[in-house]
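Me: I am new to this structure. Please show me how to read it, one feature at a time.

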Amino acid sequence: MLFTLFTINAVFDRIDSMKRIYLFIVAVSLYTLQAKDTLYFAPLPLNKGVQNIEEFLPLNSYLKKNLQINVKYIYKQDYADIIKGFKNSSIDIAYLGPLPYIYLKNSCKHAMPIVTFKQANGKSNYQCVLSKFKEDTIDRSQTIKIALTQPLSTCGYYMSNILLKNSLDINISQQGYKYTMSHTNALIKTLEGEFDIAGAKDTIAKQYESLGMEVIAKSNALPGFSLVVNTKTLSPEQINQLQKTLLAIPYSTYKLWGGITSRGMVKPSPKEYEQLKVDFSTIPFYGNM
Amino acid sequence: MKKQFILSAFLLFVLAYIVYEFLHKSKRNDVMRFTNKSLQMIKISYISILNTYKISAQKDMNHLLENKDVMELLKKFKYASQSEKNLIRGKIYRLLYKQYNTMRNLNIRQFHFHTPEGKSLLRFHKPHRSGDSLMDIRESIRVANILKEKISGFEGGKVYPGFRYVFPILYQGEHLGSVEFSIAFESIEKELNNVLPSLGYQLILSKRESYNKVFDWHKDYFIKSIISQEYYIENPEISLVTKKLQNNPTVKKLEEYIRTHTDIINSKIETKQSFSLPIVLDHIGYMIHFIDIKNTKNIHSAYIVAYSNFNELIDINRKYTIFCILLSTAIFLIFFLIVIVSRQLHTLSFQKENLQHLLDEQENIVILSSGELITYANQKFFDFFNIKSLNEFLVEYKCVCEKFIEDDRFFHLGKLEDPKDWVQAIRLLPKSKSIVAMMGEDLQLHSFSLSISIYEHNIYILSFSDISATMIEQMKLREKTLHDTLTNTYNREYFEQNIKQIKIDYTKTGNQLALCMLDIDFFKKVNDTYGHDIGDKVLIELVDTINRFSRKEDILIRWGGEEFIMIFKIHSQEALALVLENLRQAIEKHLFKRVKNITCSLGCSIYIPNEAIENTIKRADEALYRAKDSGRNRIIIL
């Protein structure tokens, strides 16, 4: 009887010790995933590197303060590099427009949007526009010079081509076009007179109205710019926590921030991305000027 | 001894403290001199750089004023509607962006037009941001647009602080607003590094001039400085200068040092004046300069912090360490010497006391003297002269030789041609002649055998051994050997020993020496009649009679038997004859106890200078023979 009791106790002891080892392994695994206290963030290559970083400084300070995580900037010159960084796990989070997201998603299953930034009108959608300097006239007898952002930018070749064709009856392939690498650059170069038309995001183009730029064509509403996380490098818990924190930023806080972050965020709507039918093979990766 | 030792140690300690303080102060002054020089260099460089930019800004301003298209647009802008303003802004941008690009290449960060009301008209560095009012937060905008004066200086802003050059735009007499050219600190830092290469330069901004002025959404452009909570730096995420410094391990080390030594910096930073911190870390010298930056209102707004190597600090430290080591060694040696000297002095003092005691115990008088001056004397000396100290003696006398009695039996200064050489002279004498006589406190004449030995160069030990008793005995003995035992007159021995000196003495100053031989007439008959005892008594009575009737200087010598020699000092032969006659009569008249009357015959001669005394005696003897031969009881002088 006594022997039986000892045997049972020994079995229970063994089970307990195995359980403890298992729990330890799970805990270590979870800790390893959750322990990521530095996020490698690639902002959109909209402007110059510094300006881009400046725009996200308040948001990142907020994350540091509330989640005790540091955000390190991985500045990439173009979308292709951001997508590459996602694939090789050197980027945890990126700020992307819809087209680059779709391009990324097509080749990397770990990309997942967690928040979409609201626009000035309070909605998350935005539009791509064509803009020109008010006093300039488009001389159709000459080659029209078009300033584009980047090949994988939504407002780049993809939407500018559609808008030129649909609104101005201009075939882009018969005109001169060049990638200026950012929305701002496209607008500035047009303002300076180097180009006749700039393709850019509506909100950015709007800022340049104070410099005599005017919008001459607008696209339909497009899914907004989002923060896309790398599910390969971040744990579901951290992603969840990040999303919750971002969505819970109070108005009184984000209204003090500048640029895209100053209007708050909403949950992304995956269906909106499905509306975009893009044949990436038709997008040239280099300009013709 | 112990007291002296403690006192010496204390004085040495005080001296060491004073010297260490002096060294410490000198070191501080040296460091300060280098520090100030280095600080001045940075200040001058900084001012020169700003002045260069000032000239450049003025030149750009002149170009701008010459650009009529821009001026006309600005004039239109003043009165245009909002939509017209946007277009004009764009046109201005289109006209000037190339100029702006050139300016950027020359490190001008901001090219900014303002309306006459002090609102932003066009920021070339952020062209889409305009319309915000700057009048309240920017003194330079107020001065340029209200006072219509150009102004320059450091100033915070809604985006970045900068070193600003703001000019009012006056075109055809009309005020069209103002324009500013701003230099970012990056440009200053770049130029400073060209002129004075260092570990790094950083701008730390007062909160009022940075954080409090910028757009709310730009507040994250600044972070708190590690150096002080009251100062901000540009966020390293957007500032290459900050990032560069944060990646510099030496600067990080220095910042950490400052952060952990707030007491050093707080008191200085509160002064809002330029200052420097020389620091030694891991045996390497560093200098951190804080150059006060004033804004356009001449209020402190920032510091340029310059981190540089400062090897001179190590050199200075090393130099003063060597000084301190040398000083410590010197102090130790002095202390050691003091201890040794003290011990030696103590030993010497002890030995001196012992010696003094020993010398005082001596029967002899012992003195140390150079011959002229006495430097030391023992107790016997004091006792002999009845004085208490040497000084008492030295008040009256310099030399002990002054106390020597002038007696020819002893050595005295009168015997020397140069009395100064008395010590040498006495040393050359045989011991039997090294005898001096001195009068003691008992007013008795004391004779001393003087022995002299060298103590040290020109100092002699003079030992006076009192031989008065021996001398008396000796003199008595001598007297005895020189006297006739029966009559107590001098004897032949006396004559032999003294005749030389007598000749000298008696022939001085024109005198003459006369030598007489006196013989008792028929003395044999006396002996034969009365016996030798009576004969001896007769001789005694005769000598007594002669002595009574002789002069003091007349010398009577028993020559043998009843024969005597008498030596006279005379002026002339006649005088001699008188003296002798007087003497002859005295003898003749004297009644001798047993024999009653006797007579004497006298034969005399006068000593001829340089003749042998034997010849004089011979002549006297001849004279005596004649006196006898011619009847006796008479005087013959030859």
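**Domains, pockets and the interface**

Reply: Chain B is assigned domain 1 (67-183), domain 2 (184-309), domain 3 (362-472) and domain 4 (483-637). Such bounds come from an automatic or database domain assignment. This is a predicted model: local features need pLDDT of at least 70, side-chain atom pairs count only at pLDDT 80 or more, and totals for chains, interfaces and linings use all residues. Residues are numbered from 1 along each chain as its sequence is written, chains are lettered from A and ligands numbered from 1 in the order in which they are written, and side-chain values use heavy atoms, leaving out hydrogens and water.

Me: How much space lies in the second largest pocket?

Reply: Rolling a probe the size of a water molecule over the atoms shows where empty space is left. On a 1 Å grid over the protein atoms alone, a pocket is an open set of points with protein on both sides within 12 Å along at least five of seven lines; a cavity is a set where a 1.4 Å probe fits but cannot get out; lining residues have an atom within 4 Å of a point. Points are joined across faces, edges and corners, and a volume is the space filled by probe spheres set on them. Here, the second largest pocket holds about 1,100 Å³.

Me: Which residues lie nearest the centre of the second largest pocket?

Reply: Asp408(B), Arg409(B), Lys433(B), Arg478(B) and Asn498(B), out of 27 lining residues. Two elements of chain B give two or more residues each: α13 (468-482) and α14 (492-506). Helices are DSSP runs (H or I, at least four residues), strands likewise (E, at least two), numbered from the N terminus. The largest share of this lining, eight residues, is from α14(B).

Me: Why does the second largest pocket lie between domain 3 and domain 4 of chain B?

Reply: Both domains give residues to its lining, so the pocket lies between them. The centres of domain 3 and domain 4 of chain B are 42 Å apart, taken over C-alpha atoms.

Me: How many residues of chain B are in contact with chain A?

Reply: Contact means heavy atoms within 4.5 Å. By that rule, 24 residues of chain B touch 28 residues of chain A.

Me: Which salt bridge does Arg94(B) form?

Reply: A salt bridge is a side-chain nitrogen of Lys or Arg within 4 Å of a carboxyl oxygen of Asp or Glu. Arg94(B) pairs with Asp136(A), the closest N and O atoms being 2.7 Å apart.
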